[in-house]
Amino acid sequence: MPDGLYVAAKEGDNGAWTVAVTAEAGSVTAASTGRTLTLHLTDDNGSLLGTAAIPADAWAALPSPDGWRTGKETTIYKASHTFTLQDPALWDLDAPSFYHITAELTGADGVTDTLTTRFGCRTIEATPDCGLLVNHKRVLIKGVCIHHDFGCLGSAFEYSAAKRQLEILKSMGVNSIRTGHTPPAPQFMDLADEMGILMDVESFDCWRSGKNPYDYGRFFDEWQEKDVAAWIRRDRNHPSLLFWCIGNEIYDTHAGSEGADTMRMLLAEVATHDPARNGIPTLGSNYMPWENTQHCADIIKVAGYNYGERLYASHHEKHPDWVIYGSETSSIVQSRGIYHFPLSQSLLSDDDLQCSSLGNSRTSWGAESWDICLQSEQRWPFTLGQYLWTGWDYIGEPTPYHTRSSYFGTIDTAGFPKDAYYVVQAAWLDPKTHPMVHLFPYWDFNEGQLIDLCACTNAHSIELFVNGESLGRKVLDSAKGRTASWQTAYRPGSVKVVAYDENGKVVATDEQDSFDDSAMVCLQADRKTISGDGRELAFITITTRDKNGNPVRNANDCVTVRVNGAGVLVGLDNGDSADPDEYQTDSRRLFSGMLLAVVAGNGRTGTITVDVTAPGLRPAVLTLDAAPFEGPVRRRLPPLTFGGNTQEIPVRKLALTAERTALDKEHPVTHITAARRPAAATFTDIEWQLTDDKGVPAVNAAMQPDGDVLTVTALGDGTLRVRALVRNGHDAPQLISQLELSISGVGQLHKNPYEFISASRFDASFGDIGNGNERGVSTSRTGRSWVLFDDIDFGPDGADTVELPIFALDGEPMTFRFWDGEPYAEGSTMIGERVYHKPKQWNVYQPDTFKLDKLLRGIGRFAVELNVKVHIKGFTFTRHSRAWDTLAAGACDAVYGDSFTRDGSRVLGIGNNVSLLFDRMDFGETGCCGIRITGRSPLPANTVHLMFAAADGGETERRVVEFGPQADWGEQTFTFEPVTGARQVTFLFLPGTQFDFDSFTFI
């Protein structure tokens, strides 16, 4: 049986180890045909260390389990033997050592079947208080989660790509991998064995309760037993094995007690095939705050928390026998080489469909920052460590957008490290053996633009220099993080960061230089020789340099790749999650200065030539050797020829200059000019925006674009950003250039509730308020949270109807509480408790309208409170039309004439030629067709002329009513031809009138 060898190496006393071997064979190959089993124990050099022969009559016959054995065997035969090893070489993270068991079935006709498995001698213990012990030494899990694909290579396993992936991750400091959320290819486990990487091997993303209509939940009951058996039996001998994860974010564990029963069943099946616990069963869950899942954790005892760091301390105290670790953490999104300023402003999304690599793009459920995430083990030293989500970008789940691939990785799909990669290095690498420092962003912005310069290091302190001038040295506290930042105005030149140890000795440096447009293509291959059989891959990094030889860090040139000779181009990947261009093509743009070309042999030997060209740039050529090979050729289809314009020259930069950046009452206007770089760029259209720091449209200035020039006029005090955008032929902007402006002395503006107000513009909050999609906010998952919006001008007529676009994480009813003022503060009033209930649409805002209990008027405050997690994009109020209210005569906007007296809410003694004016009377499309007037008069008739002046300056309509005798206050009703639209209404009383006016209502 191909998975029938099971090895359990266990440490004994005085350096002696037992190696228990169990072999299984089907009925057609074992005792029924008189076969003898011979076991050979060898070391990694092939030296024989022990042999055991087990005759046919020593096999134990067992019924074949119907649940997992799908072959025709009706009986399984088992045989066992235990070897002893004295002081074996241990499998360890730093020095993996291996042993081998070879099983041979022998009969009268000789050896008929052979199976070899590799194993290692190591001890692994997960403890509640002392963390993870490997060979009795504390090992902190420095882990990442990864998906199974390799970017432009797709999902089929590629040995070269997997090895490269693990090498890059190990250089970041990784010592463990969590496979989300399926078992990896068997060769991946082999690589982990050889590279000393612990594996958290995961099986299920759902049990019976599916997460999508067509997922595994449909087949769970029929297939889980077979799948668990195949999974465990395949991987159980790997020394890299750490965890058997039987599920990720399993709703069944949360929904009811049946989840605990299913967990017990799965644990029993795991134990059936790994009774010696070569791997430790575990669960990764985002449901740990709730009781049912905690009950499941109490069964399994080794609990992985998905984004649940806040629970560690209380759960450790309540359940001291639990082993706790972070099965998913971080979820900070970033796009390599993209920087959305300022660093102080959390910015989840922007118009370019990218996420800021400064570290200020935080998801609603993820960590507040990289520093906070990476210091969790110092805060809770009893934990095993954590697995970052994710180590590597993957195709799909492009939160917070609807693009192609994810933004979570510390490394993009092409395998190029993002700045987060170095932040993790600073936390995970030993400063004594691997001192490092990394400076970001690159150094090419608009003159005078405020730039946040960031550096991360594992050294004691760092100092930043701009054009040789020190901006100060900072000592880093490892308990608070390994990054530091400075803010300075951009000026061309160079920036350099120097890292020092505790004694002031320089241990590492990094530098960024200003650069010009691309002038030449550069190529760098990760190897010189590949096998000609097409199975081995070469990874070639394509970059550009300017005329002075400086790397162009933000280059986006379109290059064409030609592979000739004994090779073939397999694919191109620039790591841009938002790039819709094909992976398998021969021409693509660089993204943030880089592009990956993957080359394989084409079945021949000899020279492979790689030619890369770009319009206006000096081309580059690189040669590889295709080595001789044995065996079959892996044929690869050549990429499709690019269907676009390979001669296009994208805009790399929009250089902005301003007449002035500080506006005031005397100088309320400035002009901004944009210059394209390179000047020969194919794309000429420029879009202009005025925004706040969050990218929300600014209201304190007006703009007038005129091609490459923007005129800005100040309207109110505050700061804003001028943004120039270019699409470079794509649907979304490809780059955003910006400058800061300040306005003072002009006056204060209020928020306009009748235009959309982004939820990110909140002025105060309570609870765990995070970034929402599309510049919205997210509320706390558990407990009370609210956001408050101050300084809203509801106007004299006010509003009591509000619309909120809402993205709910599930389809359950949820209660919104609306407040006039800060919730629960003195003087504040709850003005509505309303239920939102719509079917869930993932990552989609669905608007809902709520009628409040109170009309909000004048300058006021508005707050939204919840006890569950939702995303709120913002809100818009519907202006209340007072045209349908009962209005007091004294509430008129103006009154004039020969004879009248204002008496509180009434106008008395109305005589000759008196006019009462009421503005802002909007009757809508239906219109009014009558009026009720409350008043009194001794005359048999008072003629009242109702003048309806169109708000847009159109024709004035007149209606005439006769208010009859009314000795006491009374109401009279009149009908007339309908009047529609926005109007100014005048009550005109002509000579001879004697009338006391109380109120009126249009009908």
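**Labels and cut-offs in a predicted model**

Me: This is a predicted model. Where is Val-699 found?
Reply: Val-699 lies in the loop between strand 39 (687-691) and strand 40 (701-706).

Me: Why is Val-699 called partly exposed?
Reply: Its relative accessible area is 42%. Buried means under 20% and exposed over 50%, with partly exposed in between. Val-699 is therefore partly exposed.

Me: Why is the contact of Arg-178 with Glu-202 called a salt bridge?
Reply: The closest N and O atoms are 2.7 Å apart. The cut-off is within 4 Å, so the pair counts. The pair links distant parts of the chain: Arg-178 is in strand 13 (residues 176-179) and Glu-202 in strand 14 (residues 198-202), 24 residues apart. Arg-178 and Glu-202 are buried.

Me: What makes Asp-444 and Arg-652 a salt bridge?
Reply: Their closest N and O atoms are 2.8 Å apart, and the limit is within 4 Å. The pair therefore qualifies. Both Asp-444 and Arg-652 are buried.

Me: How do you know that strand 58 and strand 59 pair?
Reply: Pairing takes at least two bridges. Strand 58 (residues 901-903) and strand 59 (residues 906-910) have 3, in the antiparallel sense, so they pair. Asp-903 has Arg-906 as its bridge partner.

Note on methods: Residues are numbered from 1 along each chain as its sequence is written. This is a predicted model: local features need pLDDT of at least 70, side-chain atom pairs count only at pLDDT 80 or more; totals for chains, interfaces and linings use all residues. Side-chain values use heavy atoms; hydrogens and water are left out. Helices (H or I, at least four residues) and strands (E, at least two) are DSSP runs, numbered from the N terminus. Buried means under 20% relative accessible area, exposed over 50%, partly exposed in between (1.4 Å probe, protein chains only). A salt bridge is a side-chain nitrogen of Lys or Arg within 4 Å of a carboxyl oxygen of Asp or Glu.
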